[in-house]
Amino acid sequence: MQRSTERAYPTHWEADIVLRDGGTALIRPITPDDAGRLVSFYEQVSDESKYYRFFAPYPRLSDRDVRRFTHHDYVDRVGLAVTVGGEFIGTVRYDRIDGTGRPASAPADGAEVAFLVQDAHQGRGVASNLLEHIAACARERGVRRFTAEVLPANHKMIKVFTDFGYSQQRSFEDGSVHLNLDLEPTEKSLAVQRAREQRAEARSVRRLLAPGSIAVIGAGRNPGGTGRTVIDSLAAAGFTGRVHAVNRLLPAGVDRLGGVPAHRSVGEIEEPVDLAVLAVPADQVDPVLTECGERGVQGVIVFADRIDRADQRELVRKARSYGMRVIGPNAFGLINTSPDARLNATLSAETPGRGRIGLFTQSGAIGVALLSTLHRQGAGLSSFVSAGNRADVSGNDVLQYWDDDPDTDVVLMYLESIGNPRKFTRLVRRTALSKPVVVVKGARHSASAPPPGHAVPASRTPDATVSALLRQAGVLLVDTVTELVDTGVQLAFQPMPAGPRVAVLGNAESLCLLTYDACLAQGLRPSPPVNLTVAATPEDYRAALVQALADPETDAVVVTAIPWVTGRAAAELADALLDASHTADKPIAVAQLAIEGLDEELSSRRIPTYPAPERAVRALAEATRLAQWRSDAQQPGRVPEYDVDEGAAARLVAAALEDAAADRDTPADPAAGGRSVPLDPARTAELLAHYGIAVQPTRPAPDADSAVEAARELGYPVALKTTAPHLRHRADLGGVRLSLAGERELRRAWQELTGALGSADELRPVVQAMAPRGVDTVVHASFDPSIGTVLSFGLAGTPSELLGDLSYRLVPVTDREAGRLVGDLRSAPMLYGWRGSRPADVPALEELLLRVSVLLDDHPEIVALDLEPTVVASEGLTVLGAAVRLALPPATTDLGPRRLATH
């Protein structure tokens, strides 16, 4: 498309969106090339809608109107259009105005806004999407408020504005409603936006899982092959809708394949087609997709693999332009066990039983294995999505669907990549409050490289950090597919434990002891095992379990069993355990060895059973962790307010970025999303001081005399340190000399330092006053565009650098999270008086972490921050070193308008 020559076309304003009914569309800026599309669009708008837009009969647009509405400077005049199939279905425009309502240019910060939506597409959320995106464009161009004039009878448009959540004022003048909207996002506007996002994306997935009609394109004339296998799977499941086979080489006179109506093209199918299964080679996907789009198909499953990333992006772009969602490429398909659908559009002829587990996988092979394992465990599914390369529909979309799906109680996910970790953690945090989300992640140790065909944002954040953040969001992150199933079955079959106290009972002391040890290893609190002896009968088990469940000091029970010497029916024991537990509100898990038929008997009674006590305990421990997370989530804490000078800090940051903008040698920082610049020490100290964080001053010591003069100014005792990057904070290499009490010691230390390690020009030594003795710690923060700003904390030196003992939280951090940042460390006892030492001032440390969090949250331009070391004494703390980097351009936030990811 040829772009406007008035100003550079803002490509980043283009966005794929999901409409209220689950269909997709494209929002983009309007250009002069759109004159024909605009005229055609206007001709399809009703006279009433035209009247509401122009306050008078306006049957057609004049040439002057067309030019005005298609020529924009993308600063003071901006127009956006929503398109489906390349044609307009809605438009919005703003014109910058001054305080009197007259046309103006920057720095005027007001604009008049107006919409027009085709009548056939009203009610699909077109206007609300346009308002989100035009508001984001306006904020980017310095517009801070919108005004709109609406006729009182135009209730739909008034509702679009009033429901949006922005601060607004409303008045009635000259026969019309005047609305003034503040464009600064609010908690309410963000909540409205995310609620709409959830409903729209959930509906887009629901349309795929509950189609009324399916076309299997590429179905062969002979049994076998992908297409015919899918048709057989649909028939075996008893699909409630209609199925059509499509084969472009269908001989004349043949009108059925595999027992369903057959056609040479999708266009020959007389009824609407909701879902198309593309069982065609990779080189045929594009033309078939175009045919589906022209036919009005709502979604497609693409089984073909070996589609490269560029072709994959083009496939998704084309599908979305027609309003379609895509499962795949390299997909395994969809299953929905609802009686209203009975959908099995996969390559597996066996449809799982109906249950309450939702399963998402990116790997077809893993999907097959999980389906089989869950079936053996007696756990049915509500739905299954295998998205392959997830070029379009991803785990985030399916989470949105399962969040309010009444048929799903537990979510299991096998992920090989997370395209939008920031959104994923946001969605999981909401879903996990009511439905467990259990995740196993593959490709964790492949140098962050996603599997072939997967596109994920570049990230330097270690997997351990991402894993910690996912767990904080409520994810039950397990290590293996086996643990995924074990945990899922436990959560699907049993209630949640109220705490970590576990009773252990069984007929073999050795197995009970193994279970007891496994509980301790998982952080649970087992009571002494109850050995029923090998002579125990099912009635003995029943009585012991009733007693254990009735104990107020017990939150869960692990039952162990080995075969009886005399032999008993497995059903007897299963009945006894069910009779004892079915009315209890506490979970049980069974670990049994070689009792034939007991697994099946217990599974049929919704009692989870495991072939080893370690597996039973691990599943129960995961349930306990989720219960604790939910309890903590009820009291998330608060972000405290401190007496800070945000304005002065903002001016300092802006000045530093302006100074760097002219420096063409500023290095690029891919993780920060753009170019970055370090703050010099003086500005760093000033910035931190605006937030109540004092940095121990240093003085340069280019020679011994300068060092002595600096020490006199700062006061003895002092430290002499190098600031060369390769020796920074390396006391073990001799780069730091501490507790120098006088001039003679200082001169000798300066001579030894430069004599052993290099010249003063190379070492860049500095003098600093000694801090009170305490525990050396490190505070670090970094921005990752795929996650957000991460604050980390650890003890300096060996614990953090060698052992990786660090804790992490996303910014902003609450007061409760600051406490956990400190307490989560394995080495935390060193701060609380380890081996008789005086406890460190942990409250002061937590306040420092909170002040750093507030600074980072207020100024997203800060992409890296280090306070190292920070010495925490028994009273107070001292920041001995500080470094800050800023991004050019500023880091992005998660407050933008709704849009689908583009991989």
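1. Start with Asp16: its bridge partner in β2 is Leu26. The two strands involved, β1 and β2 (residues 24-29), run antiparallel to each other and share four bridges. Strands here are DSSP runs of E with at least two residues, helices are runs of H or I with at least four, and both are numbered from the N terminus. Two strands pair if DSSP finds at least two bridges between them.

2. Before going on, note that this is a predicted model: local features need pLDDT of at least 70, side-chain atom pairs count only at pLDDT 80 or more, while totals for chains, interfaces and linings use all residues. Residues are numbered from 1 along each chain as its sequence is written, and side-chain values use heavy atoms, with hydrogens and water left out.

3. Now the sheet around that pair. It is open and has eight strands, ordered β1-β2-β3-β4-β5-β6-β8-β7, with mixed pairing. At the edges you find β1 (15-18) and β7 (168-173); each has a single partner strand, so one side of each has no neighbour in the sheet. On average, neighbouring strands are turned by 25° against each other, direction ignored. Axes are lines fitted to C-alpha atoms, for helices over the stretch in contact, and angles run from 0 to 180 degrees between N-to-C directions.

4. Which strands does helix α1 touch? Helix α1 (residues 35-43) packs on the sheet against β2, β4 (87-97) and β5 (110-117), and its direction makes about 105° with that of β4. Helix α4 (residues 126-140) packs on the sheet too, touching β1, β2, β3 (77-84), β4, β5 and β6 (145-150), at about 40° to the direction of β4. Contact means heavy atoms within 4.5 Å.

5. The link is a salt bridge of 2.7 Å, N to O (a side-chain nitrogen of Lys or Arg within 4 Å of a carboxyl oxygen of Asp or Glu). Both Glu132 and Arg898 are buried; that means under 20% relative accessible area, with exposed over 50% and partly exposed in between (1.4 Å probe, protein chains only).

6. The structure holds 45 salt bridges. Another one joins the side chains of Arg501 and Asp555 at 2.9 Å, N to O. Arg501 is in strand β23 (residues 501-506) and Asp555 in the loop between α16 (538-550) and β26 (556-561), so this pair ties together parts 54 residues apart in sequence. Arg501 is partly exposed at 21% relative accessibility, whereas Asp555 is buried at 5%. Asp16 turns up again here: salt bridges that share partners join Asp16, Arg320, Arg325, Asp392 and Asp397 into one network.

7. Next, helix α13 (residues 463-472). Its buried residues are Thr465, Val466, Ser467, Ala468, Leu469 and Leu470. Their cover includes α12 (421-431), β22 (476-478), β36 (788-795) and β37 (806-810). After α13 comes Gly474, with a positive phi near 105°.

8. Finally, the cores. A nonpolar core is a set of buried Ala, Val, Leu, Ile, Met, Phe, Trp, Tyr and Cys residues joined through side-chain atoms within 4.5 Å. The largest has 81 residues, and those with the most contacts inside it are Val216, Leu234, Ile301, Leu334, Leu374, Met413 and Phe424. Apart from it lies another core of 44 residues, including Ala840, Leu855, Ile862 and Val879.
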